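Let's take a friendly walk through a protein model, starting with the whole chain and ending with a few single residues. Have a look at the picture before reading on.

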Amino acid sequence: MHYKFGEPAGRYLGPGGGYHVYSGSISEAAPQGYGDIHVHKMAAGEFNFQYGPSTGGLMESVGISLTTPGELINSVGVDPYFKARELKLKGQGIETALLMVERINGFHAASNSLAFLMAVEDALGIETSEEVQKARILQLELERIRSNLEVMKRMCEPAGFGVPTNQLGYLREKVSRIISSASGHRFFFGVNAPGYASIAYSGINEKLNVARQEFERIFYALLESKIFLNRLQNNGVTKDQFLSGPAARASGLRYDSRLDSGLLPYGDTPFFPAVREEKDCFGRFSVRGEEILNSIDIIASLGNLRETDRHVSKAGDGEGCARLESPQGDIFYYVKIRDGKLEDIWHVSPGVLNVRAFQESMKGNIFTDFHFNWESFGIWISEIGVVIR
Amino acid sequence: MSNFWFGEGLRKGRKTEKFPLAPPEEPPLWPSYLDGNAEPYCPTEAIKEGMWDPGRCIFCRLCEPQYKPTGKQGIFQVRKTQPLLKKSFYIYKLDSGACGACNVELGTIFDPQYDANRLNIFMTNTPRHADAIVVMGVQTERMKEALKNAYEAMPEPKLIISLGACAISGGIIGKSPMEREQYHVEIAGCPPSPYTILEALSRARGV
Ligand code: SF4
Ligand code: SF4
């Protein structure tokens, strides 16, 4: 296994499997300061307002409790376990388990399934070709473009900006169609296997270049819109370092598994982490926009990819893990395999750190800030509210 | 700036397809109607005695090449229509235990390529204003009550619609949140494609 159990090493990725995972180790020790989340005591004149779990205004079922004396929000609690699903993964073979892992977060299925498969490959000592590694980068960057478009679209909605909302939705659907024609499935379900990644490259660059021009017009116009910026600037300012993905990078933190995981050859591409200092919704919005443009450049640099042989399977026992950069941040999978079956499996979702940061960042904001800020973190509840058995 | 967006809207022109009056412009293969007749291994038992049940299928491709996708998007069943709702059809989504992909595909039918609003289909934020509840995902303990409350809050006449394999049959993840017979409309797929969702909702109104 290329990861080590031991003392905390590197930046903190989050809790999982009863451990605390860092960029350089798996440890029993939580990082200093991680437990220090302020617990609000209700004051006179305050009341509690429950939002969710089911409401048309939220993408997924989630319980949100807001404490307020009226307009100002003094405390927020997020309960991601209303729709907690139990996945029976232990004891399953890799093929069946993969079907469920893809569906832990269907919108980020490439990130989840590839992190899982790379952990399996680590456990079983399966080498992957350069072709497969590049095909994986292609999947991850297409998924990132689509996910960032979705978040940006949802940040325009509460501003009542119909035209950019629709145009970003149009581009998001265009990318879904690119994914569908390149991989066969709009969400990358059923396209991956150990040692293998299926995706056809032809025509992707041309389509993405057209999308890029359309996106740049919308993005730069939004960055000049005073009404829009007013809603984002100083909204949801984050204060601590326990963050992941675009939320971390918008807070001046150079956190990105593409920089330091070493599992995929991002060094051979024009990848650079988009880092900003604002720490607020505006920073998160800008980072996502810059990442879309960078992902298109990364894809263009990959060159033509050939189809690889399917099912490079290998039986055996072993323990392995893998970390990669999903659209919401570092995603980590651990597996233990015996006789080709999963004896143990757990994952760390970047959403856990980001939910915590969202709660802290909402304090002192007002109700109308809520939707912009929630959407800006790009949190997927399905990936957090899941119990692996 | 508002002039800019107005101009942008005009500049882009109409992006909406004519579907369902015309064939879909870019139908996905997975999911679509599967054609085959053998008895290959299927992890959800969607193939039994040579019959394929789209409501159990998660479109995982493990039955390829015995079963092949045709690209046909009509993988839905409408057991009851509600012609009263022809002029305006408000749906309320309920995520019982979905992975997120069904959620996104339902939202996609309001994007310019599909524009569900032109077919008088709208999303509402509260079950009190809904004509139909669209159930997504598997049954989960704490969402049982939310589903029951939402259903009871809806005025009559109301339709119950299942979206995706999890809601219809439990798919590969678990148990469906309602008995299959209770649904008036079943929209198959994992997740269902926006074309399938759009046509199924349109038919549910008796159009
Ligand atoms: S695609 Fe998968 S779930 Fe559907 S019938 Fe084939 S094997 Fe079964
Ligand atoms: S049917 Fe498929 S896509 Fe829909 S929620 Fe279930 S697993 Fe996700």
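A residue is called buried when its relative accessible area is under 20%, exposed when that area is over 50%, and partly exposed in between, using a 1.4 Å probe and protein chains only. Keep in mind that this is a predicted model, where local features need pLDDT of at least 70, side-chain atom pairs count only at pLDDT 80 or more, and totals for chains, interfaces and linings use all residues. Residues are numbered from 1 along each chain as its sequence is written, chains are lettered from A and ligands numbered from 1 in the order in which they are written, and side-chain values use heavy atoms, leaving out hydrogens and water.

**The whole chain**

Chain A contains 12 helices and 13 strands; these are DSSP runs numbered from the N terminus, with helices (H or I) of at least four residues and strands (E) of at least two. Its radius of gyration is 20 Å, close to the 21 Å that the globule rule gives for 389 residues, so chain A is as compact as a globular protein of that length. That radius is taken over C-alpha atoms, and the rule is 2.2 Å times the number of residues to the power 0.38. Of the 389 residues of chain A, 64% are buried.

**A helix on the inside**

Helix α1 of chain A covers residues 94-101, and six of its eight residues are buried, so the helix is largely enclosed by the rest of the structure. The buried ones are A:Ile94, A:Ala97, A:Leu98, A:Leu99, A:Met100 and A:Val101. They pack against β7 (85-87), α2 (109-124), β8 (192-193), β11 (329-338) and β12 (341-348) of chain A.

**Single residues**

Is A:Gly45 buried or exposed? With 60% relative accessibility, A:Gly45 counts as exposed. This glycine sits in the loop between β3 (26-27) and β4 (47-51) of chain A. Leaving aside residues up to four places away in sequence, A:Gly45 touches A:Thr68 and A:Pro69, where a contact means heavy atoms within 4.5 Å.

| Residue | Relative accessible area | Class |
|---|---|---|
| A:Cys281 | 0% | buried |
| B:Cys190 | 9% | buried |

The structure holds zero disulfides over all chains, a disulfide being a pair of cysteine sulfur atoms within 2.5 Å. For A:Cys281, the nearest cysteine sulfur is that of A:Cys156, 12 Å away.
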